[in-house]
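Please open the structure in your viewer and keep the selection panel at hand.

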Amino acid sequence: MKPDTIATGATQVSPWRGWEVLAASQFASLWEAPIGIAFLDGELRFVRINKALADINGLPPEAHIGRSMPEVLPETPSELVGALRRVLSTGLPLVDIILELRTPATGDEDHHYLVNYHPVRNDAGDIIGLGATVQDITRWRETERALQLSEERFRSLVLSTAQVVWTTDAEGRVVEDSPSWRAFTGQTVEQWMGIGWFNAVHPEDRPRVRQVWLEAVAQRKPYLVEYRVLRPDGRYTPTLARGTPVFNADGSLREWVGINTDISASQRAQEERERLLEELRQAVRARDEFLTVAAHELRTPLTTLTLRLHSLWRDLQAEPGTQLARKAMDQFEAMRRQVKRLSELVDGLLDVNHLEGDRLEVRVEHLELCTLAREVADRLAGEATRAGCTLEVEAECEVPGLWDRKLLEQVLFHLLSNALKYGAGRPVRLRVSQVEGCARLTVRDEGIGIAPEDVPRIFGRYERAVSERHYGGLGLGLYMTRRFVEALGGTVRVESTPGAGATFTVELPPRPPSEEDVRE
């Protein structure tokens, strides 16, 4: 039978003698606390319950009154009911019990609760029921499990890693064992504790390591240092030590954690890399020497062959009408093209060898750019004729400056040769001007042009915007041009429309960034 109750504001109480007095005198101040509180009678029926516990259970307070725990919470374990009856019979409280169950508030999800039950007595000292406190600790348990899992993972990592893991207190003294350090060094726990680990450091490294460690501890900054550590077999092994300070929430230093990594293998690998790199340097030097010798050796017969071809040309021109002359002219033109091609390849070999250095030697002298441009254009007059191009030079005023003659000749030669090659049969224009104190060279052709996607890369080494099958060369001309121009402190750019030619523009300051080797 449900006992009679009387209303007392937010809750209901039994008219039993002593309950209201008890609640008012001892529990009134706790009734609004964020912890579940309830009273149960001798039949384990709810007599009084605060809102916090009602919310935990997922039912309003009035839905509890007069009903037993299993009636309100069907998931209540039978073992708990038996334990509560023993509290009623023995008077011994049940404290710090963790329950895992579902309530109407949690649905299908299990929650964890920390519960305490104690006997409630009347004025005569007889047990008339139980007082209960309940706290939902689900989040705390999840956090605890996550921390436990993290710790287990950390310990597993420490045990499985080849690195030496260690910790110290805030003052930098070892206070905990490190099995990995002991296994690595052979030190005992007693030898390792405090600052005993210094004794495992190579004597020559010890002062430096001590200073770095003490500075890190004093300044509370990360610790990073290399030193040799004594191994159990008496050998010293190079290690890289890293330490990190760990702070409390209030900013105080709690401890240091760190690792020592065996870097002997990486040092051996570095030494091997250095050895291989030196062998490679020697091989490159030998290759460069071979290319230089081979190119110069090839130049001698090429020069002779070129002179003989010129002589043959003059002889054929002297008797143009003969049948032999007409037949020889076709053969001559084929030989001339092959000799030219071979000469370009030899020049390319020398260019490759010349470009291997990290720096270009710039030797400047006083030059007049218009005069230099005309000289280079005159040397290319024969090539322009064979390409069917008119080579026009526009230079209305003198443009003096301090430049390297050899580098500028190469810039002009590559730009004009490119224009004659890709603009064959059409005019090529070279313009020299002075703009805002800088010299400007502009080479314009009306040839095949450059696709927009190829423009960003054509100044790279061995880059080509067209097929090598149709246009010869090693793809070094524009790369060399850019490098020579930059060595003189200038810039080079290109503007082009496919099918409508290209315009290369070089701008040079009147003197390079450094004038250490000016020739008067």
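Begin with the largest cavity, whose volume is about 160 Å³. A cavity here is a set of points on a 1 Å grid over the protein atoms alone where a 1.4 Å probe fits but cannot get out, and lining residues have an atom within 4 Å of a point; points are joined across faces, edges and corners, and the volume is the space filled by probe spheres set on them. This is a predicted model, in which local features need pLDDT of at least 70 and side-chain atom pairs pLDDT 80 or more, while totals for chains, interfaces and linings use all residues. Numbering runs from 1 along each chain as its sequence is written, and side-chain values use heavy atoms, without hydrogens and water.

Select Asn57, Met69, Leu73, Tyr117 and Val134, which lie nearest the centre of this cavity among its 18 lining residues. Helix H2 (51-57) and strand S6 (111-121) are among the elements that each supply at least two residues of that lining.

Next, select Trp166, Trp181, Trp213 and Asn260, which are among the residues lining the second largest cavity, with a volume of about 70 Å³. Strands S8 (164-169) and S9 (223-230) each supply at least two residues of this lining.

Finally, go to Thr261 in strand S11 (residues 253-262), a strand being a DSSP run of E with at least two residues, and a helix a run of H or I with at least four, numbered from the N terminus. Thr261 counts as buried because its relative accessibility is 17%, the limit for buried being under 20% with a 1.4 Å probe and protein chains only.

Key. Buried < 20%, exposed > 50% of the residue type's maximum accessible area, 1.4 Å probe, protein only. 1 Å grid on protein atoms, 1.4 Å probe; cavity = no way out; pocket = protein on both sides within 12 Å on 5 of 7 lines; lining within 4 Å.
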